[in-house]
Amino acid sequence: MSKVRVYELAKQLNITSKALIQQLEDLGIDIKNHMSTLDSEQANLVTDLLTEEDTEKKEKEEKTIKKDKKPEKKQIKKENKKSINNVQESHIEDDYKEMLLPSSIRVGELADNLSTSATEIIKKLMSLGKMVTINQEIDFDTASLIAEEYGYIATKEKEKSIEEELIVEEEDRPEDLVKRPPVITVMGHVDHGKTSLLDAIRETKVTAKEAGGITQHIGAYTVQVHGEKITFLDTPGHEAFTSMRLRGASITDIAILVVAADDGVMPQTVEAINHAKAADVPIIVAINKIDKSTAAPDRVKQELTEYGLIAEEWGGDTICVPVSALTGEGIDNLLEMILLVSEMLELKANPKKRARGSIIEAELNKGRGTVATLLVETGTIRVGDSIVAGTAYGKVRAMVDDKGKRVKKAGPSMPVEIIGLSEVPSAGDTLYVLKDDKLARTIAEKNKEAFREQNLVKTHRLSLDDLFSKIQEGEIKEINIIIKADVQGSIEALKQSLEKLSNEEVRINTIHTGVGGISESDVMLATASNAIIIGFNVRPDNNAITIAEKEEVDIRLYRVIYNAIEDMEDAMKGMLEPEYKEVVVGKAEIRQTFKVPNIGTIGGSYVIEGKINRNNQVRIVRDGIVVHEGTISSLKRFKDDAREVLSGFECGIGIERYNDLKEGDIIEAFTMEEIPR
Ligand code: GDP
């Protein structure tokens, strides 16, 4: 036997890669993962060992390995981890234990949790100047102070949602947990072939016979590979992925990163990598378009190393599969790799209980009413079940699968279209099957109420202004930032300087960087990760501005790196200077340019928004990047000087000491207003 990969040998021996890895470890052969290669001696050794025993025994053993040895190993790992934590803890403070506390707690209850009497607690509270009775509630901050005296470090419990409070989900007995298909999202740069790849997989794997008709686009589909199912989400791109995550739905198990072999790593490739990393989802790289003569898969691998993705064949742990969505080459291999990775992830769910899942698409259909696609996460949903999803509730009247077939039930990782909800839920809402209609209705109504209240009290996201107070209150330990800039060099400089500001109290963490304007997806990532966006010589586009306002994401724009660093430093110290807010008063688009002797270049412009005033400061924005900032030297309507030109009118604009105006440039006019802190 020559050199062989672990998963290949496992296949030959008809056992799982996991079991083989276990066997190899028992033999003292150290291997990294299923893609590692074994030399012939190692392969022969383990093959001999496994084939010596009769088949029956082997099966038995395999089961034992699966059932017994694994927990043992896990436990060891856990214990290791624990002891590491303990060591760390005991370095900082001796023997403090951890405790979860709600946002408010009754004095009596706190006493119980601390195994002391309520009188003791009341005494301690009195010494803090608080007069309370046993049945009174105290807030988290006070409770954690008391807990500290008893040797506990308290962390705040996550607030429970209405569903979490009212629904008691049945417990999973270990014997009810069964393997479930992985859920895959395809991401990558535009035109690298995400849609083509999804179509190719669907076409090659879903035969007409199986379909029993035409395949339906319901937002997700499943394919069968070697008798195992894989579920693909049908909306490619990280925007959809992150907007789902924003709503609390983390349904993706594995991300497929599509990179065109003839184009390499592009801005959205990097975004996709960062979005997947932020969500802690493993990445498999599909190097697409290898049919092209200009394909350079090795260059792609090289470029990926810069983002921490090192191909397995180069000693890393990222699986890279060359494919062509056009010819179908490599697609089987890609699917096998998906199965392999999901085997490692040990994805399991309990199909025996009432279902819970995520809404991935929903619409109002003229003939059928509310139609929503559900991806079941756990349990089994059946026709007739009482359901609730956000503010929508009802009974499942009918279900249709991705092959257009009517089905009576759907289990874990299965996408189904369901009919019967009272209104259209939002993508990302969690759907629950409940024991009766009444509870479904109650929850929907409570959600409506909460929704109304939420609209009144807006959520507060992290901003530089309140950074200091949050650090003081110990509310944040990490400041997530996203850096967008005009050139890569500025990004590196900013990233390094800002991260260097980290101290013992807070760490500054760059979760995403990119060259180009600030987009909607940057803002969504910031929302999902509670990050501040730093823009250097770039501008947010209109969508980004709208969402940032709605979600209260702090976007800071700079033209001097030093100012960005200074602001962050001051914010961390609580010494931010009174701020000047820039107010954009109008935008004009250059439709044509004229060279005027002795004067320079004039932009024949059309005011597309607001108005342009002769005294405004202006910046020239080209493809989202600020190319110049300055003042207006001349503003003319026809031949006449104008003081102001309103939206919908044409004008000629000259910029002080700047002649490099181009067609398509946006002239953004603004004034600076001081805002008191
Ligand atoms: P998306 O924007 O990432 O969804 O990309 P599309 O799937 O729309 O593909 C963009 C273009 O690349 C289309 O013209 C496809 O026909 C082409 N394309 C996609 N995959 C391949 C491939 O494997 N080989 C070749 N030669 N072209 C491809």
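Predicted model: local features only at pLDDT ≥ 70, side-chain atom pairs only at ≥ 80, totals over all residues.
**View 1. The whole chain, before zooming in.**
The protein chain holds 20 helices and 35 strands. It has 677 residues, and buried residues make up 46% of them. Take contacts between residues at least 6 apart in sequence: 71% of these join residues at least 24 apart. The accessible surface of the chain is about 35500 Å². Carbon and sulfur atoms account for 48% of that surface.

**View 2. The largest nonpolar core.**
This core contains 30 residues. Those with the most contacts inside it are Leu 197, Ile 230, Phe 232, Ile 256, Ile 284, Leu 334 and Ile 338. Several helices and strands supply at least two core residues each, among them the helices α9 (194–205) and α14 (331–345).

**View 3. Ile 338 and the residues it touches.**
Look at Ile 338, one of the residues with the most contacts inside the largest core. Leaving out residues up to four places away in sequence, Ile 338 touches Pro 182, Ile 184, Ile 230, Phe 232, Ile 254, Ile 256 and Ile 284. Away from this group, a second, separate core has 24 residues. Its members include Ile 491, Leu 501, Met 568 and Ala 571.

The model has 40 salt bridges. One of them joins the side chains of Glu 170 and Arg 354, at 3.8 Å from N to O. Glu 170 sits in the loop between α8 (162–166) and β7 (178–179). Arg 354 sits in the loop between β14 (348–349) and β15 (356–365). The two residues are 184 apart in the chain. Glu 170 is partly exposed, because its relative accessible area is 33%. Arg 354 is also partly exposed, at 34%.
Now find Lys 353 and Asp 172. Their closest N and O atoms are 2.9 Å apart, in another salt bridge. Lys 353 is in the loop between β14 and β15, and Asp 172 is in the loop between α8 and β7. This pair is 181 residues apart. Is Lys 353 buried or exposed? Lys 353 counts as buried, because its relative accessibility is 5%. Asp 172 is partly exposed, at 36%.

**View 4. A salt bridge between a strand and a helix.**
Lys 484 and Glu 271 meet through their side chains, 4.0 Å from N to O. Lys 484 belongs to strand β24 (residues 478–485). Glu 271 belongs to helix α12 (residues 267–278). They lie 213 residues apart in the chain. Lys 484 is buried, with 3% relative accessibility. Glu 271 is buried too, because its relative accessible area is 9%, and the cut-off for buried is under 20%.

A polar backbone atom of His 192 is 3.4 Å from a ligand oxygen. An N or O atom in the side chain of Thr 195 is 2.5 Å from a ligand oxygen. For Asn 288, a polar side-chain atom lies 3.1 Å from an oxygen of the ligand. How much of the ligand's area does the protein bury? Alone, the ligand exposes 580 Å², and the protein buries 72% of that.

**View 5. Two residues with positive phi.**
Most residues other than glycine have a negative phi. Glu 346 has a positive phi of about 50 degrees, although it is not a glycine. Glu 346 is in the loop between α14 and β14. It is partly exposed, with a relative accessible area of 26%.
Asp 623 also has a positive phi, near 50 degrees. Asp 623 lies in the loop between β30 (617–622) and β31 (625–637). Asp 623 counts as exposed, because its relative accessibility is 76%.

Methods: Residues numbered from 1 in each chain as written. Heavy atoms only, no water. Core = buried A, V, L, I, M, F, W, Y, C linked by side-chain atoms within 4.5 Å. Buried < 20%, exposed > 50% of the residue type's maximum accessible area, 1.4 Å probe, protein only. Helix = DSSP H or I, 4+ residues; strand = E, 2+ residues; numbered from the N terminus. Contact = heavy atoms within 4.5 Å. Polar contact = N/O pair within 3.5 Å; in protein donor to acceptor, adjacent residues only side chain to side chain. Areas by Shrake-Rupley, 256 points an atom, 1.4 Å probe, with all protein chains shown as cover.
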